[in-house]
Structures are given as structure tokens and as C-alpha cells.
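Please examine the sequence and the structure shown below before reading the report.

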Amino acid sequence: MNRLRPPLRVWVWTAATLVVVAVAVLAWRGSDAAATSSSTAEPAAAPSGSPAATLSTAWSGTVDGPPTASVVESGRVLVPAADGVAVVDPATGTEAWHYTRAGARLCGSTAVDGVVVVLFSTGGRCNELTALRASTGERVWYRSVGFRADATLSSTDRIVLATSPTGLATVDPQGNNIRWHHAADAGCRIADAAAGTTGVALLQRCTDGAWQAQLLDGFDGTPRWTADLGAGDAALAGADGVVGVVVDDQLRALSPADGGVLQALALPAADGSAPLQTSVGTTALVWARGTLTALATGTGAVAWTVPAAGLPATAAGKEAATDVLVPEDGAFVTRDLTTGVELARSSAPAIPTGGRTAVVGPVVVVGTAEGRTAFS
């Protein structure tokens, strides 16, 4: 018996379908979806307890991606890599979730207001911004951008700041809209910028070799003032409470109102470390060259100063805290925020220098440009 052959049109439809499927598979393999590896997690349990009197190293790891000032968000630790980020458990270092892009380069990452914002380059420029929920790793928003290839990210409450030598841009962390752009002044290049409670501060150097500090409004970019710093060496500490700058061997606290010098303090000789700054309530905390200084934000008056390994942490909210945990030589020391008086001490080995400290229940995490170390 002769078998019936399918009509020609069936062969044509079958061939067309196979072509469509093959094209779809090839397109998917080259797509962003195929290049993206991501996982999600349940939110971290609310931490309980406080650091013990004696701490040991629970875990440590290196940072393979661009440095970030963000250490802990939503109870977990942010660890950048060359192609994305991982968020890990503070007590064990075990990964909770990750987001990576094969073939892409992580330009910068930051965590604020419950989200982790990552900036990727898939070509010449840093051209893709994505926000992920810090507690779970779920994607919140995405947008294309056209930032320079050397752009970096930082943040403060309600502001994500992208910085490059030729300009700044701010992004709403809860949405994907760019609020404003600011170009470097003619003949100047931006060396650093920081978003803080006073606004967005930048440090730029101009063709005559002179340094300038500027303060912009954090939400609309309006320039508030420009302060000339001279032609020596300069570094920006931050924009929390006061605008902190290191000029040669001097720490200067500049007024948020007009850029005037509220306080000028002598520093030891340069040691290669970058200054760091934060604020708690009405106290600005500036770490520079091995010394932590607490300043009144309104006047710049020195409340107290101690030798320290880096920036301190608060166990309570930044506005409600009455004490801070300071990384010092061989211990994390709880000090009264107003007076600096020692209230408690947790001995700890080999505390990294030049980092930002965070407390998650009984765990103390120190984040530096090179890595993360947890103590418990």
C-alpha cells in the first residue's frame, strides 16, 4: 500500500516554523535575558541581639568589582563583582541572591531606600541602570542611560548620584527618572562627588591647578556655592552635616549655607587613605588619616576626636541613635555620640583600615574598597 505524503503546503509550514524557532533561539542566546543570571530570596529575618564583648572573624571576602560606599541594606551585605552584585548573609557570608550580566561590565553599584542600584556597560559607555529590591533581589525598574565609561555610583536618602570627570546626574532610586544633570565648569574636571544630607558636593580641579568645592541642591541641582581651596592636594570626605574636605594636611568643615570654613584641623602626613564621612542626627563624623572627628553640624565645633580605623556604625536609625560603634585598634568601641565617652567595648582581631562599619544584630561588618569582613 502506498503511504500518503503530506501536501506541499504542510512541508512549507513546517520549514517556516523551524526557521522561526531557530531565529528565536539565536535571538534569545544573544539577548539580555540570556546574558543575565539572577536569583531571588526571602527577606532577611529581623536581627536580634548586639555585638558580644569578644568578637572573632566570622567570614571575609574580596570585592572584585568597583568599590561602593554601601555595605549593608535591608539586613544583608552588598558585595560587588566585575559583572554584577551578590547580596550575602551578614552572619555567614552565604549568598542570598545575585544579579550578574555575562559580557557586561559593572560600572558601579549602590544601595539606598531598600533597593540596590547597578550601572552596567554593555559597550563603550555605562548605559544600563537597574534597581533590584535589596530584601529579595526582584527587579524594581530598568532604564537606558548614556553615562561615560568611567562613571561611578553613590547615594544618600532618595538620591542616586552618577559621577564622571565631566559631569553629574541624579536618579530617583524609587523610580527610573533622571532628576538633573550638572556639567563641570569650563576648564575644570570633577575629581569626586558625594550626595549627603546637605546636598550634592563635588570637588573639581581647573586648568590653573586650583581646586574648588561646590555644593548643589540634591533634588534640583541648583548651585548653592563655590569655595576655592588652593592648588595643593585635595580630597572630598563627604556632604553629611557639613561639607568635609582634606586640603594638604588640614581637614576643613565647610558650611552648607555659604561654603565658609567652620572648622580647620591639622592632620598627620598623608598615608594614602581616602577620607570618609557620615552624619548621625546633628553630628557630622569625619574619618581622615587614622582619626575620627565628631563635629556639630551647625557650627563645626569639635565635640570629640579619637584614633580610629574607619567610619563608625549605629545600631539604631541615624536620627534616633545616641551612640556609635567605632572601629579602633583591636576593638569596636561604643561611644556616646555627644561626648565620645566610652560606653562598651568588643575586642576584635585585625579590623580592616579605611572602611565603613555596619551593625546587623550581633554581627559587625566592615566594608572597604578591597573587601568585606564580618565579626561575631
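Predicted model: local features only at pLDDT ≥ 70, side-chain atom pairs only at ≥ 80, totals over all residues.

G330 lies in the loop between β28, which spans 323-328, and β29, which spans 331-336. Its relative accessibility is 36%. Because this value falls between the limits of 20% and 50%, G330 counts as partly exposed.

Beyond its neighbours within four places in sequence, G330 is in contact with S346, S347, A348 and I351. The C-alpha atoms of G330 and A350 are 6.8 Å apart in space, although 20 residues separate the two in sequence.

## The second largest pocket

The space in the second largest pocket amounts to about 240 Å³, and its lining consists of 14 residues. Those nearest the centre of this pocket are S50, P51, A315, L325 and T334. Two elements, β28 and β30 (342-347), each give two or more residues to the lining.

Sorted by class, the lining of this pocket comprises seven nonpolar, five polar and two charged residues.

## The largest cavity

The structure contains one cavity of 30 Å³ or more. The largest cavity has a volume of about 40 Å³. Its lining is formed by V71, V72, E73, R76, V77, L78, V87, A111, V116 and A134. The elements giving two or more residues to this lining are β3 (72-73) and β4 (76-81), and β4 gives the most, with three residues.

In this lining, eight residues are nonpolar, two are charged and none is polar.

How values were computed
Residues numbered from 1 in each chain as written. Heavy atoms only, no water. Helix = DSSP H or I, 4+ residues; strand = E, 2+ residues; numbered from the N terminus. Buried < 20%, exposed > 50% of the residue type's maximum accessible area, 1.4 Å probe, protein only. Contact = heavy atoms within 4.5 Å. 1 Å grid on protein atoms, 1.4 Å probe; cavity = no way out; pocket = protein on both sides within 12 Å on 5 of 7 lines; lining within 4 Å. Points joined across faces, edges and corners; volume = space filled by probe spheres on them. Nonpolar A, V, L, I, M, F, W, Y, C, P; charged D, E, K, R; others polar.
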